[in-house]
Amino acid sequence: MAAAGGVLLAGGGLLVALRGHTWSALSARYRAPAARPVDAWEAIDRGDDPT
């Protein structure tokens, strides 16, 4: 049973290695904006609400 499980895991890893690059991924829309922590303080100084 352990050997069969190992073979299944190895086969799954091989499948991911061969076909993983064709799978869809998250778009840039889901990435957090690269904001500096200072930007929030500057927004407060301008009178804007940074939240």
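These are my notebook entries on what I looked up in this structure.

I began with the kind of model, and I note that it is a predicted one. For the overall fold I looked up the secondary structure of the chain, which comes to 2 helices and 0 strands.

Next I turned to helix α1, which covers residues 2-19. I checked its length: at 1.5 Å a residue its 18 residues should span 26 Å, and because the C-alpha atoms at its ends are 26 Å apart, the two values agree. I then asked how many of the 18 residues of α1 are buried. The count is 0, and I therefore record α1 as hardly covered, given that buried means under 20% relative accessible area.

Last, I searched the whole structure for salt bridges and found 1. It joins D48 with R46, whose closest N and O atoms are 3.2 Å apart.

Conventions
Residues are numbered from 1 along each chain as its sequence is written. This is a predicted model: local features need pLDDT of at least 70, side-chain atom pairs count only at pLDDT 80 or more; totals for chains, interfaces and linings use all residues. Side-chain values use heavy atoms; hydrogens and water are left out. Helices (H or I, at least four residues) and strands (E, at least two) are DSSP runs, numbered from the N terminus. The expected span of a helix is 1.5 Å times one less than its number of residues. Buried means under 20% relative accessible area, exposed over 50%, partly exposed in between (1.4 Å probe, protein chains only). A salt bridge is a side-chain nitrogen of Lys or Arg within 4 Å of a carboxyl oxygen of Asp or Glu.
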